Amino acid sequence: MISANLFHTFKWIKINLFSSKLNTILTLISLLFIFYFLTTLLSFVFFSAEWKVIDTNLRLLLIGPFPENEEWRIWASVYWITALSGFSFAHYGSISRKILLYSFLSIFLLMLLIEPMSNVNLFILSILSIIFFIVGYLFHSIIKIKSIYKNKMVLIGWAITLPLVVLFLKIFGGVETTKWGGYFLNIMLAWTGIIFGFIFGLLLAIGRASSLVVIKYSCTVYIEVIRAAPLVAWLFFAYLVIPDLLPDIFANKVDIALRVVIVLSGFTAAYIAEIIRGGLQSVHFGQIEAAKALGMNAYQSTSLIILPQAIRAVIPALVSQFIALWKDTTLLLAAGLAFRELLGSGKAALSQLEFIGKYSEVYLFVALLFWIVSFSMSRFSLNFEKKLGLNKGD
Amino acid sequence: MIKDFFFRTNKRKNNSIQGLYLFFLVIFLFYLFIKISDLDLDFKFLTNESGFALSNQWLTNYNPTDTRIVAYLTGVFNTVRLVVVGIFLASIIGFIVGIARLSNNWLVSNIATAYVEIIRNVPLLLQIIFWWSFALSLPRISEYINFANLVFISNRGIAFPKIIISQLSFFIFIALIILLFFIPSVKNTISSKMNVDFSYLRILFFGYVPLLLVTICILFLVNAVNIDQPSISVSDTNVIRYANGFVVTTEFIAILLGLVLYTASFIAEIVRGAIQSLPKGQNEAALALGLTDYQALSLIVLPQALRIIIPPVTNQYLNLTKNSSLAVVIGYSDLFLISGIIMNKAGHAIPMFVLIILTYQLMSFVIALIMNYFNKKVALVGNQ
């Protein structure tokens with residue numbers, strides 16, 4: 001038995017690594033490269049790196065200048081989201097246990113990285129979030145209602161999440177947006193940007209495809225002008241020019257965070273509109289004629305026939321645009337805004353006297369936090385595509 | 001087709017919707033017009049003295065007493081230089097990684113996958129700042145690293161030997177490059193007259209390359225081409241700097257590394273997708289005809305894949321152009337950084353923004369034009 005396994009292993013190695021001279025050379029070079037890379041990385045992470053800089057600045061990196069006695073607002077939001085995730089996981093049971101296991105494992109590893117014993121409070125509060133997840137998971141099986149109602153609960157739950165989080169952050173005095181920061185600010189900006197950008201982009205795409213000349217051309221002009229300049233330039237624009245253009249009553253009163261969200265979603269909308277336009281063009285004309293023949297009016301056929309097919313066709317492109325927006329939340333730093341999002345906080349941490357030159361540690365940590373979200377978004381879209389059967393064609 | 005359908009109810013309703021929309025649009029534009037007319041809108045401020053120094057420049061001989069237009073142009077040239085070098089390198093790395101992802105070799109394909117998945121999921125700005133910090137952590141210029149007196153490395157940048165070409169030899173080189181385009185016709189005449197089929201490579205290696213080498217040697221001997229070795233100079237006030245040679249500054253290295261590696265990961269995905277979308281039979285048929293792996297890739301697979309690759313890669317080039325504005329974070333004086341300085345010093349934000357948008361649009365237009373030309377060429381080859 002063992003020898004047969006060994007034989008297969010050798011055969012696999014022969015076929016995949018040493019099938020020709022060129023392959024052998026490539027394998028050896030790759031092995032050397034991997035060895036060099038891994039030894040450098042591992043010896044850095046476990047021996048030469050001084051993680052104290054992360055440890056000390058963890059608060060700064062995660063929530064920025066958020067007041068300490070108001071932290072419950074963030075924890076309340078986190079618990080709501082984890083409980084809801086638990087509920088959704090239980091509802092869409094088809095999502096494999098593997099993913100669940102991996103996410104728990106990665107959270108656990110993250111916690112180890114931040115040395116639990118030095119941050120006992122943080123450790124306990126994080127463990128609580130896992131408990132909330134399990135509570136949400138169990139709650140799903142305890143309540144005895146029809147699956148269709150549970151479906152509605154999940155959808156409504158996620159729909160009200162953003163308003164709820166904003167409510168948590170604003171009720172009973174609240175925390176002004178200039179005090180928001182860190183990873184938390186990135187998440188909030190990307191989240192609102194995605195939602196409003198998608199809605200606005202959808203409207204723009206429909207407007208551009210419309211036969212009403214004025215609407216069509218004004219949408220086209222908007223899309224093309226926005227796409228002409230980089231996002232940094234628009235953020236700069238929001239910072240410098242918009243105060244001049246607003247009515248005098250509002251000038252200097254419009255929150256900078258609000259301005260940033262408007263720019264982020266307005267910018268993303270232009271790109272999303274172009275993506276959805278591609279989707280609209282891919283919908284077969286017969287579909288529209290069939291909808292007409294069934295007696296649907298313009299609104300019905302658009303929302304029930306055309307858009308679902310158009311959006312379904314462009315889900316990968318949409319998700320990569322969302323990922324781009326998520327990564328672009330770092331541009332606040334480039335536009336010189338007075339916000340400390342994650343990257344800005346990292347830079348601030350590096351300017352502390354005792355941590356000068358520890359850039360590898362800080363940027364590695366920051367990169368990991370960004371990477372987790374973008375990678376899981378791209379995996380999510382892949383799974384979603386498979387579920388919809390988009391890739392079966394070829 | 002679709003557009004006939006949206007809002008296709010009745011004409012009067014359409015007109016009323018449109019009228020209402022137009023009404024609000026006109027009010028909005030009128031309001032904007034009033035607001036903007038309060039501000040200064042002419043471009044005269046660009047002719048004033050700029051009054052700030054720049055660390056990177058190329059093609060222009062800029063100094064702080066020049067006008068702001070010259071400063072802006074310096075920025076534009078800096079951006080163009082960055083974009084051209086960036087597109088060139090990103091395409092090469094992107095193609096290599098994209099092909100490596102489909103390699104039979106398990107290790108190679110997995111290394112390529114890891115590269116793509118790591119790089120494209122991390123913000124570009126973070127990568128640029130990381131490379132910048134890395135470049136700044138190189139030894140200081142007083143403790144520079146010296147490779148055989150040819151390459152100097154320090155945290156001020158990398159100094160290479162510079163090739164100084166006289167005017168005569170410049171034209172000779174141009175002539176040699178033009179000669180390169182005549183090789184196909186030379187090949188045709190030789191093969192038709194002598195009845196021997198020389199390959200391109202043979203003519204290139206045994207005809208063209210020796211010619212090139214001999215020319216360069218002669219030009220060297222008559223001192224028409226010189227190599228300017230880099231060196232380090234110390235001034236009276238103990239300021240150490242690179243004196244001669246071709247100096248690539250730290251900022252340029254950092255922004256270039258960031259842009260190239262980031263864009264290459266996207267190009268690699270495009271290349272992989274395009275090759276995978278071809279029918280497998282193409283490659284198998286090529287191998288069955290006795291072509292080697294390399295021949296099958298370069299003669300059969302890539303030419304077909306190029307047709308799919310070019311439009312999305314054009315998009316990536318445009319992204320690279322716009323992303324080059326991130327240079328502002330690390331102080332590489334590209335057009336956006338310089339516009340920022342001008343806006344800070346002189347105000348006039350709106351005219352400056354118009355200028356920025358037009359400049360980026362012009363660059364995008366040029367790139368799109370070039371890529372369309374390639375696209376047509378590739379499509380033609382496919383149709384023959």
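Predicted model: local features only at pLDDT ≥ 70, side-chain atom pairs only at ≥ 80, totals over all residues.
Over all chains, the structure holds 7 salt bridges. One of them pairs A:Glu224 with A:Arg208, with a separation of 3.5 Å between the closest N and O atoms.

A salt bridge within chain B is formed by the side chains of B:Glu269 and B:Arg272, at an N to O distance of 3.1 Å. Both residues are placed in helix H8 (residues 250–277) of chain B, where they are 3 residues apart, or about one turn of the helix. B:Glu269 has a relative accessible area of 17% and is therefore buried. For B:Arg272 the corresponding value is 21%, so this residue is partly exposed.

Between chain A and chain B, the count is 1 salt bridge. This salt bridge is formed by B:Glu117 and A:Arg379, whose closest N and O atoms are 3.3 Å apart. The side chain of A:Arg379 is contributed by helix H18 (residues 359–388) of chain A and that of B:Glu117 by helix H3 (residues 106–119) of chain B, so the pair joins two chains. With a relative accessibility of 36%, A:Arg379 counts as partly exposed. B:Glu117, in contrast, has a relative accessibility of 10% and counts as buried.

The size of an interface is often expressed as the accessible area that is lost when the parts come together. For chain A and chain B, the buried area is about 5,400 Å², and carbon and sulfur atoms give 74% of this area. The contacts involve 68 residues of chain A and 54 residues of chain B. On the side of chain A that touches chain B, H18(A) supplies the largest share, with 11 residues. By residue class, this side of chain A divides into 45 nonpolar, 14 polar and 9 charged residues.

The domain assignment divides chain A into domain 1 (2–48), domain 2 (67–174) and domain 3 (180–394). A distance of 41 Å separates the C-alpha centres of domain 1 and domain 3 of chain A. Helix H18 of chain A also contains A:Leu364, which counts as partly exposed because its relative accessibility is 35%. Apart from its neighbours within four places in sequence, A:Leu364 is in contact with A:Phe44, A:Val45, A:Trp51 and A:Tyr359. For one of these residues, A:Val45, the separation from A:Leu364 is 319 residues in sequence and 9.6 Å in space, taken from C-alpha to C-alpha.

Terms used. Residues numbered from 1 in each chain as written. Chains lettered and ligands numbered in written order. Heavy atoms only, no water. Salt bridge = Lys/Arg side-chain N within 4 Å of Asp/Glu carboxyl O. Helix = DSSP H or I, 4+ residues; strand = E, 2+ residues; numbered from the N terminus. Buried < 20%, exposed > 50% of the residue type's maximum accessible area, 1.4 Å probe, protein only. Contact = heavy atoms within 4.5 Å. Buried area = accessible area lost by both parts, 1.4 Å probe. Nonpolar A, V, L, I, M, F, W, Y, C, P; charged D, E, K, R; others polar. Domains from an automatic or database assignment.
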